[in-house]
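Hi,

Here is the structure I promised to pass on.

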Amino acid sequence: MTLTVRDLSIRYGFFALLIGLALFFYAAEPAFMSVRSFVFVFQSVAITAILALGVTGTLVVGGFDLSIGSVAASSMMAASYAMVIWGWGTVETVMLCVAFGLFVGFINGLIIVYGRVPDLLATLGTMFLLLGLQLVPTAGRSIAKGMILPDGSTATGSFDPSFLMLGRSRLFDIVPVSVVVMLALAVAIFVFLEFTRWGRVMYAIGSNEQASRLAGAPVNRYKIAAYMISGGFAAIGGILLAARVGRGDVSSGNNLLLDGVAAALIGFAVLGAAKPNAFGTLVGALFVGMLLQGLTMMNAPYYTQDAVKGAVLVLALLFTFAMTRRAGS
Amino acid sequence: MQTGQAAPANNRVLEIAGLEKSFGPNRVLKGVDLSVSAGEVLVLMGANGAGKSTLVKIIAGVQPPGDGRLTLDGAPFEPDRPIDALNAGLSVVHQQINDSVAPDLSVTQNLLLDRLCSGKAGSFYSPRRARREAAEIQAILGLSLPLDRAVRDIPLADRQLVAICRALAENPKVLVLDEPTSSLSQREAERLFGIVETLRSRGVAILYITHRMSDIRRLADRIVTLRDGRITGEFRPPLDYEAAVTAMLGETVRPAAMERGEAHATVFSVENYQLKSWSRPFSMALQAGEVTAITGLVGTGKSEFAEAIFGVRRPAAGEMRLNGQPYAPKTSGAAIEAGVFMAAKDRGTNSLIPAFDIARNLSLPFLTRRSRAGFIDSGAERHRAKRTIADLSIVCQSETDHMATLSGGNQQKVVVGRWLSEPSTLLILDEPFQGVDIRARHDIGRRLRETAADRATLILVTEIDEAVEVADRILVMSDHTIVGDHRTGPELDLSLLLAQVAGDQTAENMPKVQESAVG
């Protein structure tokens, strides 16, 4: 098989861009190519990437999950509430939050599969619902040690130091725990999607649902499971966020949805996959992180960040859909 | 039938000469000549994939012709867009009624849709004027439709009348009706026939596309049959319906050339089985080692029967037995588990995964057997794929080729190969030769016969020559019930079989048919 220029650019164009950008930043600011700088890039995208890896699961079955941002935020609030107000330990809290994420995913799946509500609308609804629900237990206040509760008493619990380590400590004094979690989840979901029969069926469903059903796949169960993966991953993201911030902040997590979805969609362009894939999602998240890190080091103002991310997303989508479609036909 | 005689040349409104159309390497129309005269109902008959819908799309201006000449009322007719065809005096009512109406708009707005879209109605919409014009339009057919209701709230048959009225609003010279009765009840169809007769008497040239014998008997002034992109027959009064069916389904009906299978124990049976609450109950049994074909026109319930056996549809009544045990699968997964496989018709929609390569398409239903602890053994998967490719002579570069790179025949081989890659108790193939060239058809048929010994094989085909070619036994389905049971071979009574396919009324003409057909 001969590779044309187009084939090559579809396959490796994105990596060429990545390397080109890295070299550009290095030339402009040599400190960009340092271990510290790299670790910072990884750390800055860890939580976003975890959400993006989860939403990749729903994209694979041909769905979409808009509720990941508010699941993460709710999970953060739940973790803070459990520790500060109920005085729970780390293990119970983590289990509670993950169970919460899985439950929301399960509900999303039920609404979409059995309620026949289109995925975007169903998850938009749960997103809205959770944004409001997370404010109810504390009457809209952020959760911190020693806060005054709605009934006038003072909260007695505090964040367990072992919980805070999840967000703040580093493995071998270099790699933050959140980055380790991100890499572990990335490997797990990559292996799951690429090498197991469950992942294979999920891709089949995303490509032709009817044919998958007639090949014997329990399509409804797979779709619900995909939303549970996405909810569970988002909840883990929320746990790490709570551990990093050390308080249940009502306003954090605003950008998580857009950043996560953008990373997953940019991932379509990686290696010319033109489909959701875990490796691409991770690279997509890192690409955005690197770009922002580079621009920040070059003193680009912080308020340009969203515009840069949006531009990257539009370019990546054009790259994926315009080029691969033409090559395919 | 007042216009039975051959229409004089100057009476021809729509003329088509040498029409060609190809999609890639696939020649769909191979030089079609056709003309429709004023005040005539010309019935165009054709089985699935004969090229009917392509023909309609070309004259409706949806697709450009590949080659050939179209004339409307003596002037060259080259519609680039549907609106051009409409302005030139040709209206089309498509088979999918919901494609012809905007469901959320009112009946009034739907009747005026062409005027609204073409800008003839001006920039501002006046409800009063619209209502007046809509009332005028429906007066053409003397109807009283609920003008203010949304189309989505009125019955399907009424929606179709809306579509027909709309088509008549611009006073067309030619009206094309594409399988208009396919979703109508008997009474609704009667009303439609009345309207078609009214239009005929007013001098509209009507091209009526169908393969329903009841429509044809009621309306046809002339019949033209389309098969495999060519006109295979033209019938003028007195109309020989039998011959028309033969011309539509294949002139090459001939005894099979393949060796027959030997029937063993009964594998699968149904008792007092009813596909629909109104259909006549039937019983049948399938034997191991035998290839049984069910034939019958489109829409007579073949696929419904297959889907019921495969667990994706529930019958109205009756029970199934598999190897003597009661069998009632709730899902396709349960059917596969029990050893009942089905290769569904329409491979693009129901079988193939476009994102997957050949090997992955082949293994999809059997991933549990191809994996250990959930991990797919991709080496074994590719190895098996190579074997299937060799067994069925699939033309490809390798087992990692994607579906889009394969021809239709080879795609179909992948579908059949998928279900042959594991042993089954009952294998159902719904239209396995759909859109497949003669060579691929032969490869598939040969492989089916080679592997048929240990299972019962059930093939659903509309084209009788396919059934004769590959099957040991042919069942005929009509009106959702089995009406005939034949053995293939020299003793096969083809004329009786054809009569059963064409429906009861023709069966009464049997003596005459028997003289003429077998020789």
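Chain B has a secondary structure of 21 helices and 22 strands (DSSP runs numbered from the N terminus, helices being H or I with at least four residues and strands E with at least two). Bear in mind that this is a predicted model, where local features need pLDDT of at least 70 and side-chain atom pairs count only at pLDDT 80 or more, while totals for chains, interfaces and linings use all residues. Residues are numbered from 1 along each chain as its sequence is written, and chains are lettered from A and ligands numbered from 1 in the order in which they are written.

On overall dimensions, the C-alpha trace of chain B spans about 70 × 60 × 45 Å along its principal axes.

Chain B splits into domain 1 (14-89 + 170-249), domain 2 (106-165) and domain 3 (266-349 + 423-517); the bounds come from an automatic or database domain assignment. The C-alpha centres of domains 1 and 2 of chain B are 26 Å apart. Where these two touch, 9 residues of domain 1 of chain B contact 7 residues of domain 2 of chain B (contact means C-beta atoms, placed from the backbone, within 7 Å). On the domain 1 side, α2 (82-88) and α8 (186-201) of chain B are the elements giving two or more residues, and α8(B) gives the most, with 3. That side has 5 nonpolar, 2 polar and 2 charged residues (Ala, Val, Leu, Ile, Met, Phe, Trp, Tyr, Cys and Pro count as nonpolar, Asp, Glu, Lys and Arg as charged, and the others, Gly among them, as polar).

Next, the sheet in chain B. It is an open one of 6 strands in the order β6-β7-β8-β3-β9-β10, with mixed pairing (a pair needs at least two DSSP bridges). β6 (90-93) and β10 (230-235) of chain B are the edge strands, each pairing on one side only. From one strand to the next the twist averages 20°. Within the sheet, β3 (41-46) and β8 (205-209) of chain B run parallel over 4 bridges, and Leu44(B) sits opposite Ile209(B) in β8(B). Helix α1 (52-59) of chain B packs on the sheet, touching β3, β6, β7 (174-178), β8 and β9 (222-227) of chain B, with its direction at about 150° to that of β7(B). Helix α7 (156-169) of chain B also packs there, touching β6 and β7 of chain B, and its direction makes about 170° with that of β6(B).

Over in chain A, the axes of α7 (177-195) and α10 (219-245) come within 11 Å and cross at roughly 170° (axes are lines fitted to C-alpha atoms, for helices over the stretch in contact, and angles run from 0 to 180 degrees between N-to-C directions). That makes α7(A) roughly antiparallel to α10(A), a label for angles over 145 degrees. Ser178(A), Val181(A) and Leu185(A) of α7(A) meet Phe233(A), Ile236(A), Leu240(A) and Arg244(A) of α10(A). By class, this contact has 5 nonpolar, 1 polar and 1 charged residues.

Finally, the chain contact takes 19 residues from chain A and 23 residues from chain B. On the chain A side, α8 (197-207) and α9 (209-214) of chain A give two or more residues, with α8(A) giving the most, 7 residues.

Cheers

Notes:
Angles under 35 degrees count as roughly parallel, over 145 as roughly antiparallel, 65 to 115 as roughly perpendicular and the rest as oblique.
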